[in-house]
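Subject: A structure for you to look at

Hi,

Here is the structure I promised to pass on. Have a look at it first, and then read my notes below.

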Amino acid sequence: MSQKRIRAELDIWLEQYQSYQPNDFEMMYDDWIRQSFTNIDPGVRKKLFSKLDDWFFHTHAFLQGTSYQYEARERILMVGRIFSPRIERIEDMERELTVEQLTYIAEQQMARGRLYSFAQGGLTGAGGWFLLGIDYPLMMLMNIRAIQLIGLTFGHEMNHPYEMMVSLKVFHAATLPKRLKAGAWNELMREVNEKQHPYIFEGDDQLTDEAWLEQPMKQCFKSMFILMFRKKLVQGLPFISIAIGAYSNYHLTKQVTEFAMKFYQYRHLINQEGEN
């Protein structure tokens with residue numbers, strides 16, 4: 001029964017993206033971005049996105065090697081063993097637990113990630129140029145980590161090349177504008193359904209493109225607003241800047257973790273149906 005309920009919730013959630021119609025401003029923006037990048041040398045354009053992709057790959061690898069990630073992994077296993085003492089490895093999470101139990105554990109990771117983003121955004125709003133400068137890279141790092149923990153909860157080892165690419169593809173899709181999410185979701189589903197090898201990713205390994213740049217542009221606007229209101233102090237603190245930073249970062253992490261949760265829920269249900 002829980003599988004049917006979650007499947008119904010997934011269908012309702014997905015419908016909001018599949019039925020979404022872009023407004024005139026969004027269509028004008030798409031045309032402007034497309035035209036702007038048409039005028040850039042193809043070699044320069046390719047190099048730019050290649051460098052961005054490399055940064056995400058290195059960030060993912062860096063996170064996998066931290067003791068903090070290892071501790072989080074052990075916490076996930078410890079909580080999983082509360083539901084089933086037969087769990088010994090991450091892969092056992094998918095086999096031994098129901099989708100409802102996995103969702104409960106993943107929601108704990110989501111809540112923790114949102115809290116960290118909220119606090120980090122507030123510090124950015126209150127801090128100086130240094131905190132503002134590292135805000136976006138730090139946000140990307142925190143959101144990639146949140147996706148990794150959700151994937152681990154659902155029984156997928158993030159240090160495998162295939163799972164690394166899938167998690168980064170989920171991150172890319174989650175940070176796209178709403179009008180492009182349905183297409184990115186369909187591409188993810190196609191990759192999962194047509195999977196040929198358990199460890200090797202055989203699809204397109206490009207992550208960033210012109211459409212993805214809308215997210216960094218939103219970050220620039222957020223930084224501008226923080227700077228605009230930084231001198232408006234209340235009892236010695238820039239509360240408006242703090243609120244802008246905290247809400248913006250919280251909202252982005254909420255958007256990313258919700259998309260990741262839905263993806264891994266859907267993937268789990270597909271795998272269960274394939275075994276039955």
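Helices (H or I, at least four residues) and strands (E, at least two) are DSSP runs, numbered from the N terminus. Counted that way, the protein chain has eleven helices and zero strands. The radius of gyration (taken over C-alpha atoms) is 20 Å, close to the 19 Å that the globule rule (2.2 Å times the number of residues to the power 0.38) gives for 276 residues, so the chain is as compact as a globular protein of that length.

Please keep in mind that this is a predicted model: local features need pLDDT of at least 70, side-chain atom pairs count only at pLDDT 80 or more, and totals for chains, interfaces and linings use all residues. Residues are numbered from 1 along each chain as its sequence is written, and side-chain values use heavy atoms, with hydrogens and water left out.

On a 1 Å grid over the protein atoms alone, a cavity is a set of points where a 1.4 Å probe fits but cannot get out, while a pocket is an open set with protein on both sides within 12 Å along at least five of seven lines; lining residues have an atom within 4 Å of a point. Grid points are joined across faces, edges and corners, and a volume is the space filled by probe spheres set on the points.

The largest pocket has a volume of about 470 Å³. Its lining has 22 residues, and Gln-215, Lys-218, His-251, Leu-252 and Gln-255 lie nearest the centre. Which helix gives the most to this lining? That is H11, with eight residues. Helices H1 (2-18), H9 (178-193), H10 (214-229) and H11 (239-275) each supply at least two.

H9 has 16 residues. Among its buried residues are Trp-185, Leu-188 and Met-189.

The largest cavity has a volume of about 30 Å³. Phe-56, Leu-168, Phe-171, His-172, Leu-207, Thr-208 and Trp-212 line this cavity, and helix H8 (residues 161-174) gives the most, with three residues. By class, the cavity lining has five nonpolar residues (Ala, Val, Leu, Ile, Met, Phe, Trp, Tyr, Cys and Pro), two polar and no charged (Asp, Glu, Lys and Arg); the others, Gly among them, count as polar.

Happy exploring!

Notes. The expected span of a helix is 1.5 Å times one less than its number of residues. Buried means under 20% relative accessible area, exposed over 50%, partly exposed in between (1.4 Å probe, protein chains only).
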